[in-house]
Amino acid sequence: MKNWLSLFVMGLATSSGAVSSKIPDQREFPINTKINPCENFYEYACSKTIEDFKLRDDRSIHTFSFSDSRERLLEKKKEFLQSLPKQKNLKGFRPALKNVYMACTDTSTRANEEKSLVTETIAQLNKIKSRDAFLDFLAEQRHNARFSFIDIGSGANKDNPDYQDFYYIADMMSLPERSYYEKDDVRTDYLSYLEEFFTTIGDKNPKSSAKAVLEVETQFAKNYPLPHELRKIFSQKTSISRKDLLKTYPTFRLEADLKRVPEKTNITHFLPDNFVFVNKLLAEEDLAKLKAVYKFQALSPIMDEAYPKYFATKFDFSAKHMGGPAKRSDLAERCTKDIMGNFRKEIDFELVDEVFPNFPEEKFIALAETVRGSIIDGIKDNEWLSEDGKKGAIKKIKNAKLQLVKPRTEAEWYFNPKLEYNPKEFLGNKQKLDKAKQDRMFAEIGDKRDKTRWWMGPLTINAYYSPSDNKFVMPIGILQPPFYDPSQPQEVNLGAVGAVIGHELGHGIDDNGAKYDFSGRLTQWMPNKDIKEFKKRGEKMVSQFDGAGHNGKLTLGENIGDLVGLSFAYDGAFPNGKGSIENKQKFFLQYARVWCSVIRPKFAERLLKTDSHSLGWARVNEQVKHQPGFHEAYSCKKGHAMYLEPEDRIRIW
């Protein structure tokens, strides 16, 4: 733990040297020759870059491979949006983007909107004198796609992923995870933050209301699963009948929602213990306390321009306890990010061809297929899988759909519903969009699912695997150095983007993905003997990452993905282990560079509690230990920190 923490502190410190926050067109990653790669490969590959970098005050983390590209694209989108109000005869999505951007940057009008919504909500709650009236109010808010404690949505059915399930989930927790409510310093400062909220909105008893919110949220947190528990819960088949749903949870007032859901649609029942708790809370808790919780959770997120003192309190609390940034980004950037969140497909559609005019698609697709072929060859040579297990795994990888670079059809793009937006209604535009998307969800819930839809815009710096669709999506946005550089040798690109492709396809056969077959159904396709061995190997990885300061159960799926991705990318780069030592070193260096990061310590603590991904240093050091090719490339021997005996190295597939 000391290694990564010291690096983070170094990256955050000011210096009279060449430390800079500047984002170059392409970053160099010099190795640190003072460090033995067999002792700490992450520091060998990353420490020089980290030492020369100053994390911006308005950022919490900078993972160079992701963040450099993200910052460059952010600037392009920011410039694009700033230009729209000056243009005439706009077409396509540009009129809508212009209006929502103008509404966001009009801080005076936004302040008036915020005040109106706060006043209106408090007036509505003041009129409510009974519990039934309050529960009816919550149901009405949910019908209008507003905050209501109970979220609703749809997702792929586990038996037949061609169709949707209807789901609902309770939300009464403002802090990231249960343990935050158990820390005395967090509770003390959170209580002060809550008091400032209630003082700001004119509450007659701000201290009492603040204590009520803290008490209810703490109760809820104790009864809500931890992040690693949710991973397992959400990959199980669950169901409840309409009759039992309405009878068991009468306070949820789901009658109106269910009228919009076809009778044949399965209703999931993810968290029965939690739902019982929330139903009891809504039925028995003091009404004034419930109103206080609602005011805070519904109104705090929209209180910004009109409430600078309160917003500063909230911002400072996040910086102190959650690792939030020390400074706020400028308005133009904040509005650009807001649009990227709500209109990511629309803005990407307008810019993708301009930003990437001559991308070598065929060359990249061939690289992706090289990784797929490497995984299939590896499964064929697997020494512990049964023949039936091999057939199931190979069938799954062969049938996995690769959606690469960008959407090709309007169905794949899946744009927002077409609406008119007002340049003077920032919150109104958001509400209009939320309602339209909820209405569309209800309209589509009985239809056959379109598995081709992208859930990311093509200029996203990320990738994902969908187990219910058995597909892997990699947008063009991530295909920048050091992830992908067409001018570099194949071995170098396989070390970076190849490992990511293998990682995402590896999710198809990780601890959760292995529960789904080639068609996306949640069904056992591995024999019991194989499952037992698979879990045994996974338990070794849990123990390893527990020992490295992580939650091994929470990060297991991503750690398996990293192991599978790195192993099979290496096999694709060096078939049968053939290749020069120099190229093998370049392969592992490029892999390490993907995870070089600077992060605020409190934000790192938060990620360790809530993120299914390990921190960057662990994604490097704890993974290369299992690679025979790494030990060969750097002549690592027994006694080196990076060295593991062959019998201790994990090979999942």
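Let's start with Asp189, which is partly exposed, with a relative accessible area of 22%. Everything here comes from a predicted model, so keep that in mind as you click around. Asp189 has a salt-bridge partner in Lys320, and their closest N and O atoms are 2.8 Å apart. Asp189 belongs to helix H7 (residues 184–200) and Lys320 to helix H14, so this pair ties together parts that are 131 residues apart in sequence. Salt bridges also link up into a network: Arg56, Asp58, Arg59, Glu71, Glu333 and Lys337 are joined through shared partners.

How many salt bridges turn up in the whole structure? The search finds 44. Another one worth a look joins the side chains of Lys78 and Asp330, at 3.2 Å from N to O. Lys78 sits in helix H3, while Asp330 is in the loop between helix H14 (308–321) and helix H15 (331–342), so the pair ties together parts that are 252 residues apart in sequence. Lys54 counts as buried because its relative accessibility is 18%, whereas Asp57, at 39%, counts as partly exposed.

Helix H3 comes back when you look at helix H16 (residues 344–355). In H16, the buried residues are Lys345, Glu346, Ile347, Asp348, Glu350, Leu351, Val352 and Val355. What do they pack against? Their neighbours are helix H3 (64–83), helix H4 (94–105) and helix H19 (410–413).

For a helix pair, turn to H5 (residues 107–127) and H20 (residues 426–444). Two packed helices are described by the angle between their axes and the distance between the axes. Here the angle is about 65 degrees, and the axes are 8 Å apart. On the H5 side, the contact is made by Arg110, Glu113, Glu114 and Leu117, and on the H20 side by Phe426, Leu427 and Gly428. Sorted by class, that contact has three nonpolar, one polar and three charged residues.

Now for some strands. Three of them form an open sheet in the order E4-E6-E5, with mixed pairing. Strand E4 (401–405) and strand E5 (464–466) are the edges, each pairing on one side only. From one strand to the next, the twist averages 15 degrees. Helix H21 (residues 490–506) packs on this sheet and touches E4, E5 and E6, with its direction at about 150 degrees to that of E6. Zooming in on E4 and strand E6 (residues 471–475), you'll see them pair in the parallel sense over five bridges. In one of these places, Val405 has Pro475 of E6 as its bridge partner.

Finally, how confident is the predictor? The protein chain has a mean pLDDT of 95, with 97% of its residues at 70 or more. Residues 1–16 are another story, with a pLDDT below 50, though in the model this stretch has 34 contacts beyond near neighbours in sequence.

Methods. Residues numbered from 1 in each chain as written. Predicted model: local features only at pLDDT ≥ 70, side-chain atom pairs only at ≥ 80, totals over all residues. Heavy atoms only, no water. Pairing = 2+ DSSP bridges. Helix = DSSP H or I, 4+ residues; strand = E, 2+ residues; numbered from the N terminus. Axes fitted to C-alpha atoms, helices over the stretch in contact; angles between N-to-C directions. Contact = heavy atoms within 4.5 Å. Nonpolar A, V, L, I, M, F, W, Y, C, P; charged D, E, K, R; others polar. pLDDT = per-residue confidence, 0-100. Buried < 20%, exposed > 50% of the residue type's maximum accessible area, 1.4 Å probe, protein only. Salt bridge = Lys/Arg side-chain N within 4 Å of Asp/Glu carboxyl O.
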